[in-house]
Amino acid sequence: MTGANEAGGEPAVRARGLTKRFGAVLALDSLDLDVPRGSIFGLLGPNGAGKTTTIRILTGLARASGGSASVAGVDVADDRPEVRRRMGYVDQDPRFYGWMKGRELLELSARLAGIEGPELRSRVAETLKRTGLADAGERRIGAYSGGMRQRLGIAQAVIHEPDLLILDEPVSSLDPEGRRDLLELIEGLRGTATVIVSTHVLADVERICDRVAILDRGRLVTEGPLADLLEAHARPIFELVPAPGAVAMDDLVARLRAASWATGVDVAAGTIRVTVSDAAAAAREILPIVVSCGVVLASFEQARPTLEDVFLELVGPASSDELDGRGFVRPRAAGPS
Amino acid sequence: MTGFRVLLGKELLEQWRTLRLPVVAAVFLLVGLSSPLLARFTPELLDALGGSQLQIVLPTPTTADAVDQLIKNVSQFGILVAVLLAMGSVATEKERGTAGLILTKPAGRGAFLVAKVVAIGATLAVAVGLAAAAAWFYTLVLFEPLPVAGFAASAVLQWLAIMAFAAITFLASTLTRSALAAAGIGVVAFIVIGVLSAFPAIAPYLPVGLGAPARALALGQPVEDALRPVLATIALVGASVAIAWLSFRRQEL
C-alpha cells in the first residue's frame, strides 16, 4: 500500500459539484468533498442522504449526472481499470457466485489485480486467515452465512492491498467478534491506505475515523477532523444520575427544562441528560436546582458530546412533512438541469 | 480487454461447475447419435407402426438422409440451447449484483462481455463437435464413410449458425435486466429469421443459409455460395457483441 499521507498532495478522492439525478429525484446535489490520503474517513448521513450514491459513482457502478469525481487524480468517468486496481470495495449487501468456493473468489480477485504464482497462494491463505475464513475457503459460497459473506466481501476487497478501501455499511451482517475484527483491520490500515466507511454505527466511526463528512438529502452538511467537529458542533451536555430511590424527579426535570440555558432535557435509563447553550451558567445553576428539588444524586458530570449528538444536531429528526409513507426522508426534488 | 484471460477462466469454470457444459454436451451427443439412427430406421419404424392395413412407401435411406437429419436436429436443438445458454449471461449477473462485484475490480467491461461470449461459444463448440463425431461414426456404421475434413467443416458452419442466435440473445441479455426477456427476444429473432429465409434474395445472408453449404461439405459435394452466409453470420455475431458493448459500457449496475 503506497498511499501514505502526503500533506498538500492530491487527495485520495476528490468530488466537485458531484450531482446525481434519478428522474425527478436529486440524490446528490453539487457535492464537494476531499478525502485526504491515509485518512480513515467516515461518511455519515440518514437513509437517502446520498452516501451509497457517492460510493457507487466512485466505484464506477453509477454515472454522475453532473460535476466530477476523481480517485488518485484520475476521473472516475474515464472508467479505467488501473484506478480500480488501487481500490477495494465492499458492498453493503455483498453478492457472490454461489457455485464458487471462497478460495476461488479470492484467487479471482487477486488475479484481476495482477497477482499470480506463489504470491497469489500466500496472499489467499493469509487473507482467509485474517478475515476468519481459513476453515471455509474450500466451501461453496452458496452455503455461507450472512456474516461469512460479509467477511468474504472484506477479504476480496483487501487481498490486493489497495491504496483506497471503500466500505459501505460493512458491519451490518457481522456478529460482535466479526465487527471487532473488521474495526481492528481498518485501524491496522491507518496511515498506509485511505479508508472510506459509510455506516450508521456512529460508535464505530468515533472509534476508528479521523475525519468525518455528514451528508443530508444529497448535500454535504459538514466535513472535517472528528475532534474539530465534536468541538465545533457539540453543545455542552451534563449528565445527572439520581441516587436509587430519589424522589421529586418530575419536578427536577421540569425545572431543568425551564432553565434559560437548557436546550434539551432527556431522561433515559435512569440518567437525566441536559444539553445546554451556556455551559458556564449551567455548571453554576444545575446543582442548586437539584438541591432545591431535594433530589440526591449518585453522580453529576459534564459529559463529552458524542458523534451521535453532533449528528442529530446537524441532521436532526425529520419533520412529519419530510417523511414519506414508509417513514423515510423524502429526497430532494431535482431542479432544472 | 483488461482481465480477459482471468474472466474467461472464471466463465469456463462456471460453465462446468453449473453443469451447463456437461448437460449441453450430453444433449448434443444424443442428437449426434440419434440422427443417423432415425434416418436409417424411420422407414422400418413407420412400417411397424402402420401394421398390415397401412402401406407407407418410403425411399431407401441414404447417407444424405443421415446428414439432413443431423443438420435439422442440430439447428433446432442448437438454437434452443444457444438461447438458454445466453439468456441469463449478463442479465442475471446484473440482477443478482455479481456484475458489480467483478466490475469494481480491475476488469474492463469489454473483457467481461467477450469472456462470456467466448465461453458460450466454447460450450457450443464442444457440444457440436461431440454431435458431429457421434453422427459421423454412426453414419459410418449404418451407411458409408463420409469425408472427415468435410464433416468437420460442416460442423463448424452448424456451430456458426447457432452462434448467431446465441449472440442475438446475448445482446438482449445485455440490454435488459431480465433473462426471460432476453430469451423472448432470442425466440423472436429465430422466428423473424425463419420468415425472412423464405425470401430467396435475403436467405443467403442469413444464418439459415449455412445449411446448404454445411450439407454439401458433410457429403463431400461441391459447395456453392458459402461465402455470403458465412460472412453475413460472422458480421451478425460481431455486430451483436459490438452493440452489447456499446450499451454495456454506459450502463449503471
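Helices (H or I, at least four residues) and strands (E, at least two) are DSSP runs, numbered from the N terminus. The structure described here is a predicted model, in which local features need pLDDT of at least 70 and side-chain atom pairs count only at pLDDT 80 or more, while totals for chains, interfaces and linings use all residues. Residues are numbered from 1 along each chain as its sequence is written, chains are lettered from A and ligands numbered from 1 in the order in which they are written, and side-chain values use heavy atoms, with hydrogens and water left out.

Helix packing in chain A may be taken up with helix H5 (residues 146-158). The axes of H5(A) and of helix H6 (residues 176-188) of chain A are 11 Å apart, at an angle of about 15 degrees; axes are lines fitted to C-alpha atoms, for helices over the stretch in contact, and angles run from 0 to 180 degrees between N-to-C directions. H5(A) is therefore roughly parallel to H6(A), given that angles under 35 degrees count as roughly parallel, over 145 as roughly antiparallel, 65 to 115 as roughly perpendicular and the rest as oblique. On the H5(A) side, Arg151(A), Ile154(A) and Val158(A) make the contact (heavy atoms within 4.5 Å). From H6(A) come Glu177(A), Gly178(A), Asp181(A), Leu182(A) and Leu185(A). By class, this contact holds four nonpolar, one polar and three charged residues, where Ala, Val, Leu, Ile, Met, Phe, Trp, Tyr, Cys and Pro count as nonpolar, Asp, Glu, Lys and Arg as charged, and the others, Gly among them, as polar.

H5(A) also packs with helix H3 (residues 102-112) of chain A, the axes coming within 8 Å and crossing at roughly 25 degrees. These two helices are therefore roughly parallel to each other, and H3(A) passes H5(A) in a right-handed crossing. Gly102(A), Leu105(A), Leu106(A) and Ser109(A) of H3(A) meet Leu152(A), Ala155(A) and Gln156(A) of H5(A). Four of these residues are nonpolar, three are polar and none is charged.

In chain B, the axes of helix H3 (residues 63-87) and helix H9 (residues 211-219) come within 10 Å and cross at roughly 140 degrees. H3(B) and H9(B) are therefore oblique to each other, and their crossing is right-handed. The contact involves Thr63(B), Ala64(B), Val67(B), Asp68(B) and Ile71(B) of H3(B), together with Gly211(B), Ala214(B), Arg215(B), Ala218(B) and Leu219(B) of H9(B). Its residues divide into six nonpolar, two polar and two charged.

Arg217(A), which is not a glycine, has a positive phi near 45 degrees and lies in the loop between strand S9 (211-216) and strand S10 (219-225) of chain A. Leu19(B), likewise not a glycine, has a positive phi of about 70 degrees; this residue is in the loop between helix H1 (4-17) and helix H2 (20-50) of chain B.

Terms used: A crossing is left-handed if the near helix is turned anticlockwise from the far one by less than a right angle, and right-handed if clockwise.
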